[in-house]
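Dear colleague,

Please find below the structure that I am handing over to you. My notes on it follow directly after.

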Amino acid sequence: MTAQGKTLGGKRQHSDAEGRALTMRTTLSAKGQVVLPKAVRNHKQWPSGTRLLVEETADGVLLKRAPAFPASTIDEAFGYLAVDGPARSIEEMDKAVLREAKRQFLDTK
């Protein structure tokens, strides 16, 4: 069996000649650490220090990238960026965004 690489959604999927996902072997250390094979880390774009969620499933253990921020509700976020003064119109906000974009991308100071 030789390893093949297919592109799935722009990402490389590792599989064998029959199209099955490759099974790779690793060892659990005395400290409970597992080294993920480099091919998996590269495919998932998980550099050193990536925080992962560990989920126990009926088939084994599932690793997923941990979200960068905890989940929140709209009620928790509402009013977070308080502003003094009157509310701005959509037109005023559009002008301000355009002005800042020009400043950042067109000014060559």
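What percentage of the 109 residues in the chain do buried residues make up? The share is 5%, where buried means under 20% relative accessible area, exposed means over 50%, and partly exposed lies in between (1.4 Å probe, protein chains only).

Before the details, some notes on the source. This is a predicted model, in which local features need pLDDT of at least 70 and side-chain atom pairs count only at pLDDT 80 or more, while totals for chains, interfaces and linings use all residues. Residues are numbered from 1 along each chain as its sequence is written, and side-chain values use heavy atoms, with hydrogens and water left out.

Confidence

The mean pLDDT of the chain, the predictor's confidence in each residue from 0 to 100, is 82, and 80% of the residues score at least 70. Confidence is highest in strand β3, at 95, and lowest in strand β1 (residues 4-8), at a mean of 47. Residues 1-11 have a pLDDT below 50, and this stretch has 23 contacts in the model beyond near neighbours in sequence; a contact means heavy atoms within 4.5 Å. Where pLDDT is low, the predicted coordinates should not be read in detail.

Overall arrangement

Three helices and four strands are found in the chain, in the order β-β-α-β-β-α-α along the sequence. These elements are DSSP runs numbered from the N terminus (helices H or I, at least four residues; strands E, at least two). Of the contacts between residues at least 6 apart in sequence, 9% join residues at least 24 apart. The chain exposes about 10,400 Å², of which carbon and sulfur atoms supply 56%; the areas come from the Shrake-Rupley method with a 1.4 Å probe, and for residues only the protein chains shown count as cover.

The β3-β4 hairpin

Strands β3 (residues 52-57) and β4 (residues 60-65) pair in the antiparallel sense over six bridges; two strands pair if DSSP finds at least two bridges between them. A hairpin through two residues joins β3 to β4. Within this pairing, Glu55 stands opposite Leu62 in β4. Leu53, also in strand β3, is partly exposed at 43% relative accessibility. Leaving aside residues up to four places away in sequence, Leu53 touches Leu62, Leu63, Lys64, Arg65, Ala66 and Pro67. The C-alpha atoms of Leu53 and Lys64 are separated by 5.1 Å, although the two residues are 11 apart along the chain.

Salt bridges

A search of the whole structure finds two salt bridges, each defined as a side-chain nitrogen of Lys or Arg within 4 Å of a carboxyl oxygen of Asp or Glu. One links Glu55 with Lys64, with 3.1 Å between the closest N and O atoms. Glu55 is partly exposed at 35% relative accessibility, and Lys64 is likewise partly exposed, at 38%. Another joins Arg103 and Glu100, at 2.5 Å from N to O. These two residues lie three apart in helix α3 (residues 90-105), so about one helical turn separates them. Arg103 is partly exposed at 46%, as is Glu100 at 32%.

A positive phi

Gln45 lies in the loop between α1 (38-44) and β3. The phi of Gln45 is near 55°, a positive value in a residue other than glycine. Most residues other than glycine have a negative phi. Gln45 is exposed, with a relative accessible area of 52%.

With kind regards
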